[in-house]
Each structure stands twice: as structure tokens, then as C-alpha cells.
Amino acid sequence: MTRVRRFFRTYIPFSRAGVQELIAYRVNFLCFLIGEIMSAFIMFFVWKAVFNSTGEKAFMGFTMEDMVVYLFISFLTGYLTYSDGAFSIGEEIVDGSIAMRMIKPCSFDMCFLFQELGNRLISIAMIFVPIVAGVEIYRYVITGVLRFDIRFFLLYLLSLVFAYLISFYFNVCYGFMAFFFKNLWGTSLIKETLVSFLSGAVIPLAFLPKGLALVLNFLPFASLSYTPVMIYMGMYSVSQIIYSLLLQLFWLIVMYLLSKLVWRSAVKRLSVQGG
């Protein structure tokens, strides 16, 4: 109990710093949020055009109602599980501040994790409830039936936690590459695009060829967006939900261990450019 108390006493201040940072740069936060929401609406009109052109009520097993729910819950999931650990680590390596962080008597990755959790508190307060409420109101208006299922919602929250932690440790691993490449700005753009596609945030993985979809569903990227969204929508059976959650837990352990391995190798190659 004492160790747990000491742990939180050490890292809670980083969460407070994350909240203060977001408040200090609130215009940047709001502009980013507005841009992401506009992207979601653009995709809505794209898929609406696709469904209108087919003349069918369903496309690849999805109705237009399903597609709207998928788009906005996918946007919400992607926004809440997004981690900028790679960018932050890369910047600290470039300007030399990484050296000061390394001499502190605390875990390197835990500092970043709790700082990001502080940011997430504001995000959850501002967009989580409105988007979930809006999606459920839309479903009720279209179908006349309340489709919200508390069981799927709670399982979605669990899957969302796993998704965020996988995303965090994946980005930590990628951020450590700055020890070798010195600058990650260019490759970050490629990484974000690939992850967005492979996670099903752009196109549901069910729309892809069966063999490719099977492979992508096993990779960790599907756990970032596609898995939580499909659980929320109730499109997975009980066995599929259990398998998906266990797969997420597997990839979380893999990414965590990989981050420790890469850190031990990368820290030996520290070469500060700035400072």
C-alpha cells in the first residue's frame, strides 16, 4: 500500500503538468479538435455518396446508420488513444532536455504516460460524453429503438484503455528511434498515415480482402481503433470479444517489453544535438 501511495505521489504531478500544458495552449487544442471533427464530417459525406451511388441499403455488411456510428466512434477512439510520445521524445533528444529527464529518480516512460493522462482528462470532459450522446440520439432517431447497451459500452471502455496503452508504448518505441535517426519529423508523417489505415480508422477492415483483413486484424494496429469500435457497435460475438481483448492484452505486453528493450539499446547511443 505504501509503495502504491509513493508511486502516485511521484507521478501525479506530471498529470497536473499535462492539464496545465493543455490549458496554456488551449487555442492550439481547440484548433486541432475542430480540424479532427471536420475530417470526421468529410468522411461522413464521402460514405454517404458511396451509399447513394450503390442504391443499396447495405454495403459490405454495413448500413448507412452503421457507417455513421463507425465513423464518429472511430474518430472518438482515435482521438482518445492518440499519443504524441514519439514527437515529445524526439524533441527532447534534439534540444538536449532529455538529459535532465534521465537523471530524475523516476521512470522515463511513466513520466510521459501520466503527463498524457492529464491531457486526456480534459479531452474526455469536452468530447467523450457529447459524441457518445450524439451517436446514440442519432441511432434512436433513425431506428426508433434505444440501441445503447451498457455491457458493450463497458467492454468498449476496457478495450479503449488497452488501445491507448498499446498506442502509447508503440509511440514510445518509435520515439526512441530518435536516438538513432536524430529527427523523426518526416517519418512521423508516414507513420501516422500508415497507422491510420492499418487500424481501420480510414476504412473498416471488414471492407478489405478477406486474407488481408485477417492479417491486419491480428496486427497491433487493429487494436488501436477497429477492435474497440466493433465492440461498441455490438458487431462482435462473445467469443470474438474475448479473443480481441486477449489479443489487445498480448500486444500491450509485447509493446511494453519492446519499449524497455529499445530503451536499453538506445540510451547507449545518446548524442545531444541542442542544449
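Hi everyone, this is a short tour of one predicted protein model, from the overall fold down to a few side chains.

Some ground rules before we start. The model is predicted, so to speak of local features I need pLDDT of at least 70, side-chain atom pairs count only at pLDDT 80 or more, and totals for chains, interfaces and linings use all residues. Residues are numbered from 1 along each chain as its sequence is written, and side-chain values use heavy atoms, with hydrogens and water left out.

Let's begin with confidence. The predictor's confidence in each residue, pLDDT, runs from 0 to 100. Its mean over the protein is 80, with 79% of the residues at 70 or more. Among the elements, helix α5, residues 98–102, has the lowest mean, 64, and helix α11, residues 226–232, has the highest, 94.

Now the layout. The protein has 12 helices and 2 strands. Reading from the N terminus, the order is α-α-β-β-α-α-α-α-α-α-α-α-α-α.

How much of the protein is buried? Buried means under 20% relative accessible area, exposed means over 50%, and partly exposed is in between, with a 1.4 Å probe and protein chains only. On that scale, 43% of the 275 residues count as buried. The accessible surface, from the Shrake-Rupley method with a 1.4 Å probe, comes to about 14,900 Å², and 71% of that belongs to carbon and sulfur atoms.

For contacts, I mean heavy atoms within 4.5 Å. Take those with a sequence separation of 6 or more: 79% of them join residues 24 or more positions apart.

On to the core. A nonpolar core is a set of buried Ala, Val, Leu, Ile, Met, Phe, Trp, Tyr and Cys residues joined through side-chain atoms within 4.5 Å. The largest one has 63 residues, and M67, Y70, L76, F128 and Y232 have the most contacts inside it. Helices α2 (26–54), α3 (64–81), α6, α7, α10 (210–218), α11 and α12 each supply at least two of its residues. Which helix gives the largest share of this core? That is α3, with 12 residues. As general background, nonpolar side chains tend to be buried together in soluble globular proteins.

Leaving aside neighbours within four places in sequence, Y232 contacts V69, I73, V132, V135, E136, R139, F148, F152, F153 and Y156.

Several of those are aromatic, which brings me to rings. Phe, Tyr and Trp rings (the six-membered one for Trp) pair if their centres lie within 6.5 Å; planes under 30 degrees apart are stacked, over 60 edge-to-face, and the rest tilted. The count comes to 17 aromatic pairs. One of them is F128 with F153, a tilted pair with 6.1 Å between centres and 50 degrees between planes. F128 is in helix α6 and F153 is in helix α7, residues 150–175, so this pair ties together parts 25 residues apart in sequence. F128 counts as buried at 11% relative accessibility, and F153 is buried too, at 13%.

Another pair is Y169 with Y256: the centres are 5.3 Å apart and the planes are at 90 degrees, so it is edge-to-face. Y169 is buried at 5%, whereas Y256 is partly exposed at 35%.

Ring pairs also link W47, F62, Y70, F207 and Y226 into a cluster. And there is a charge over a ring, meaning NZ of Lys or CZ of Arg within 6 Å of the ring centre and within 35 degrees of the ring normal: the charged end of R151 sits over F152, 5.9 Å from the centre.

Is L247 buried or exposed? L247 is buried, at 8% relative accessible area. Not counting residues up to four places away in sequence, L247 touches N217 and F218; its C-alpha is 7.7 Å from that of F218, 29 residues away along the chain. L257, also in α12, is exposed at 52%.

Key: Helix = DSSP H or I, 4+ residues; strand = E, 2+ residues; numbered from the N terminus.
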